[in-house]
Amino acid sequence: MVHELGHAFGLPDSSYTDGTPMSGSFYDYPNCHFNQQQKDRIRNGPYGSFLS
């Protein structure tokens with residue numbers, strides 16, 4: 001579900017397994033985390049103010 005939430009906040013699928021929920025690593029949740037670039041993209045996206 002966290003993978004789909006990432007899509008809802010505008011993140012694309014990762015093109016490789018990078019340890020984030022947007023890659024195949026989501027199968028290892030909760031041992032995967034959004035990286036800083038993804039966090040910044042979520043915060044600067046259309047729903048970022050909702051999270052503040």
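The exercises below move from the whole chain to single side chains.

This is a predicted model, in which local features need pLDDT of at least 70 and side-chain atom pairs count only at pLDDT 80 or more, while totals for chains, interfaces and linings use all residues. Residues are numbered from 1 along each chain as its sequence is written, and side-chain values use heavy atoms, with hydrogens and water left out.

**Exercise 1. Find how many helices and strands the chain has, and their pattern.**

Step 1: Start with the rule: helices (H or I, at least four residues) and strands (E, at least two) are DSSP runs, numbered from the N terminus.
Step 2: Counting gives three helices and zero strands.
Step 3: Read along the sequence, this gives α-α-α.

**Exercise 2. Check the radius of gyration of the chain against that of a compact globule.**

Step 1: For 52 residues the rule gives a value near 10 Å, and the chain's 11 Å agrees with it.
Step 2: For the overall dimensions, the C-alpha trace spans about 30 × 20 × 15 Å along its principal axes.
Step 3: Finally, look at burial (buried is under 20% relative accessible area, exposed over 50%, partly exposed in between, with a 1.4 Å probe and protein chains only). Buried residues make up 27% of the 52 residues.

**Exercise 3. Describe the geometry of the F9 and Y47 rings.**

Step 1: Rings of Phe, Tyr and Trp (its six-membered ring) pair if their centres lie within 6.5 Å; planes under 30 degrees apart are stacked, over 60 edge-to-face, and the rest tilted.
Step 2: The whole structure holds two aromatic pairs. In the pair of F9 and Y47, the centres are 6.4 Å apart and the planes stand at 75 degrees, so the pair is edge-to-face.

**Exercise 4. Work out what surrounds T20.**

Step 1: Locate T20 in the loop between α1 and α2. With a relative accessible area of 2%, T20 is buried.
Step 2: List its contacts (heavy atoms within 4.5 Å). Not counting residues up to four places away in sequence, T20 touches S25, F26, C32, H33, N35 and Q38.
Step 3: Look for polar contacts, meaning N or O atoms within 3.5 Å; within protein, one must be able to donate a hydrogen and the other to accept it, and residues adjacent in sequence count only if both atoms are side-chain atoms. The T20 side chain has such a contact with the side chain of D18 at 2.6 Å, and another with that of Q38 at 3.4 Å.

**Exercise 5. Find which side chains meet in a salt bridge.**

Step 1: Look for a side-chain nitrogen of Lys or Arg within 4 Å of a carboxyl oxygen of Asp or Glu.
Step 2: The count is one salt bridge, with D40 and R43 meeting at 3.8 Å, N to O.
Step 3: D40 and R43 are three residues apart in helix α2, so about one helical turn separates them.

Methods
Rg over C-alpha atoms; globule rule 2.2 N^0.38 Å.
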